Amino acid sequence: MRYIFALWAAPMALFWGWFYLSLNDMNFGYVMLSRQLHDFVFQLYGQMLGIDPATIPGMVAKACVFDGFLLMALWAFRRRREIAGWIKQRWAGPVPFERMRGATEAGPKLPAE
């Protein structure tokens, strides 16, 4: 499962890193990170899709969030027995006496009292 997360997260990190750097024209001498290439790429995608280029980053962000939820649902489905056991443990029975006594006792007396 960790490989699936890595194969999902690596392209997202690369894309959003490129997007942030090129949007703010932090190119460090690389043409690939320039604002001109950024505008050209989104203009090209906008023409291919027939939509306004300014809407593409929002669409990509929504797709990333959806993919993230899909991966989390897949992970939760695979771990459903462990998650159900954890929930049952948290909601089952009363708190042990030792734990309750430690939380409710007054604590040490201070010398000034």
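Trainee: Starting with E82, which side chain does E82 meet in a salt bridge?
Mentor: The side chain of R79. The N to O distance is 3.7 Å. Keep in mind that this is a predicted model.

Trainee: Is E82 buried or exposed?
Mentor: Exposed, because its relative accessible area is 53% and the cut-off for exposed is over 50%. R79 has 35% relative accessibility, so R79 counts as partly exposed.

Trainee: How many salt bridges does the count come to?
Mentor: The count comes to two salt bridges. D39 forms one of them with R35, and the closest N and O atoms there are 3.0 Å apart.

Trainee: Where do D39 and R35 lie?
Mentor: Both are in helix α2, four residues apart, which is about one turn of the helix. An α-helix has 3.6 residues a turn, so residues three or four places apart point the same way.

Trainee: And how exposed are D39 and R35?
Mentor: D39 is partly exposed, with a relative accessible area of 37%. R35 also counts as partly exposed, at 31% relative accessibility.

Trainee: Changing topic. How many helices and strands does the chain have?
Mentor: Five helices and zero strands. Along the sequence the pattern reads α-α-α-α-α.

Trainee: Take α1, then. What span should its 22 residues have?
Mentor: Helix α1 covers residues 2–23, and at 1.5 Å a residue it should span 32 Å. The C-alpha atoms at its ends are 31 Å apart, which agrees.

Trainee: Which residues of α1 are buried?
Mentor: W18, F19 and S22. Viewed down the axis of α1, these buried residues fall within an arc of 105 degrees, so they line one face of the helix.

Trainee: What do they pack against?
Mentor: They pack against α2, residues 35–49, and α3, residues 56–78. On the other side of α1, R2 and A13 are exposed.

Trainee: What about S34, where is that?
Mentor: S34 is in the loop between α1 and α2.

Trainee: Is S34 buried or exposed?
Mentor: Buried, because its relative accessible area is 6% and buried means under 20%.

Trainee: Which residues does S34 touch?
Mentor: Leaving aside residues up to four places away in sequence, S34 touches S22, D25 and N27.

Trainee: Now the surface. Which residues make the nonpolar patch?
Mentor: F40, L44, Y45, M48 and L49 make a nonpolar surface patch of about 540 Å². L49 lies in helix α2, and with 55% relative accessibility L49 counts as exposed.

Trainee: How much accessible surface does the whole chain have?
Mentor: About 9,600 Å². Carbon and sulfur atoms account for 68% of that surface.

Trainee: What share of the chain is buried?
Mentor: Buried residues make up 12% of the 113 residues.

Trainee: Last one. What share of contacts join residues at least 24 apart in sequence?
Mentor: Counting contacts between residues at least 6 apart in sequence, 40% join residues at least 24 apart.

Definitions and conventions. Residues are numbered from 1 along each chain as its sequence is written. This is a predicted model: local features need pLDDT of at least 70, side-chain atom pairs count only at pLDDT 80 or more; totals for chains, interfaces and linings use all residues. Side-chain values use heavy atoms; hydrogens and water are left out. Helices (H or I, at least four residues) and strands (E, at least two) are DSSP runs, numbered from the N terminus. The expected span of a helix is 1.5 Å times one less than its number of residues. Buried means under 20% relative accessible area, exposed over 50%, partly exposed in between (1.4 Å probe, protein chains only). The arc is that of the directions from the helix axis to the C-beta atoms. Contact means heavy atoms within 4.5 Å. Patches are made of residues with over 30% relative accessible area and no salt bridge: like charges are joined within 9 Å, nonpolar side chains (Val, Leu, Ile, Met, Phe, Trp, Tyr) within 5 Å. Accessible areas come from the Shrake-Rupley method with a 1.4 Å probe; for residues, only the protein chains shown count as cover. A salt bridge is a side-chain nitrogen of Lys or Arg within 4 Å of a carboxyl oxygen of Asp or Glu.
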